[in-house]
Amino acid sequence: MIESVEAYTKAVNEAASYIKDKIGESEIPSICVVLGSGLAPLADICDVDVKLPYSDIPNFPESTVAGHSGHLIIGTLEGKRVFLMSGRFHYYEGYDTSLCTFYIRVMCRLGVKTIYFTNAAGGIADGMKPAELMIITDHLSFYCESPLRGPNLDEFGPRFPDQSHLYDVEYINLLEKIAKENGITVHKGVYAFSRGPQYETPAEIRGLKVLGASAVGMSTVPEAIIASHCGIRIAAVSCISNLAAGISDKPLCHEEVIENAAKASNDSCNLARLFIKSL
Ligand code: HPA
């Protein structure tokens, strides 16, 4: 939880100044892409100017998850200046949600206007298959400690922010159009936050389904709440990396998640790339 507005704001400013200095004279990107599972190859098609280890950025937490390398990349992709977040911070790693979302406010400070989140998620809705994609249209944050808890950072956004259109409707339509034109199978649906790190029980998944969840995962929701709080437009796409607990008989494991995210990687990267191109 944020204890002191002054200290938190100072920490955001320090991180933003450090990044700005590293960018130098080049244009500061207004787009940020968060590379979830399967999206790492996007960095390979980016014309990279600067790659900053998170550990060098003042006040950034360190990403501890295997497979999430922890770098901020600044470069050009499809002619657009971009920040690529390679590695993110999860609640289950032990950070509280205000720390998981610290980087979002740094992005806001740097002038980011659009953020593209990707993640891996367990499919709940009927008809979803592993290695397919889902455009997030809304979320369930019930199990997520609010990253806005504590004193409000008034200079970023209001105390009681509206959550009616967290995921930008124009972006949802654009993603759907791009997917259709390029033969990428996409679902649209509601992403439910799970604190993790344990996967859900079948009973929990049945409950989430009744509540309207289409997929479940352990990231994105705290970040989307903060991005929306500070006025950044959000696009978000899940890779259905497995069927959620009890939807199939198969026990869940991290290896399956990685394997299906890799299978979906081409589609995930193409959708992200074409989305950026069309902005
Ligand atoms: N549950 C929660 N998080 C996940 C899952 C899941 O089934 N798959 C990938 N991330």
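Leaving aside neighbours within four places in sequence, with which residues is M107 in contact? M107 is in contact with C32, L72, F83, M85 and V112, where contact means heavy atoms within 4.5 Å. The model is predicted, so local features need pLDDT of at least 70 and side-chain atom pairs count only at pLDDT 80 or more, while totals for chains, interfaces and linings use all residues. Residues are numbered from 1 along each chain as its sequence is written, and side-chain values use heavy atoms, with hydrogens and water left out.

- M107 lies in helix α3; helices (H or I, at least four residues) and strands (E, at least two) are DSSP runs, numbered from the N terminus.
- The relative accessible area of M107 is 0%, and M107 is therefore buried; buried means under 20% relative accessible area, exposed over 50% and partly exposed in between, with a 1.4 Å probe and protein chains only.
- M107 and C32 are 75 residues apart along the chain, and their C-alpha atoms are separated by 7.6 Å.

**Strand β4 and its partners**

- Six of the seven residues of β4 are buried, so this strand is largely enclosed by the rest of the structure.
- Strand β1 (residues 31-35) pairs with β4 in the parallel sense over five bridges; two strands pair if DSSP finds at least two bridges between them.
- C32 has F83 as its bridge partner in β4, and both C32 and F83 are among the contacts of M107.
- Strand β3 (residues 71-77) pairs with β4 in the antiparallel sense over seven bridges, and the bridge partner of G75 in β4 is V82.
- A hairpin is formed by β3 and β4, with two residues between them; E78 in the turn has a positive phi of about 50°.

**Packing of α1 with α3**

- Helix α1 (residues 5-23) and helix α3 (residues 102-110) have axes that come within 9 Å and cross at roughly 60°; axes are lines fitted to C-alpha atoms, for helices over the stretch in contact, and angles run from 0 to 180 degrees between N-to-C directions.
- The two helices α1 and α3 are therefore oblique to each other; angles under 35 degrees count as roughly parallel, over 145 as roughly antiparallel, 65 to 115 as roughly perpendicular and the rest as oblique.
- The contact involves Y8, T9, A11, V12, N13, A15, A16, I19 and K20 of α1, together with F102, R105, V106, R109 and L110 of α3.
- The residues in the contact of α1 with α3 comprise nine nonpolar, two polar and three charged; Ala, Val, Leu, Ile, Met, Phe, Trp, Tyr, Cys and Pro count as nonpolar, Asp, Glu, Lys and Arg as charged, and the others, Gly among them, as polar.

**Packing of α4 with α8**

- The axes of helix α4 (residues 169-181) and helix α8 (residues 265-278) cross at roughly 120° and come within 10 Å.
- Helices α4 and α8 are therefore oblique to each other.
- From α4, the contact is made by Y171, L174, L175, I178 and A179, and from α8 by L271, L274, F275 and S278.
- By class, the contact of α4 with α8 has eight nonpolar residues, one polar and no charged.

**Further buried positions**

- S265, in helix α8, is buried with a relative accessible area of 10%.
- Not counting residues up to four places away in sequence, S265 touches G38 and P41.
- H90 is found in the loop between β4 (80-86) and α2 (97-100) and is buried, with a relative accessible area of 6%.
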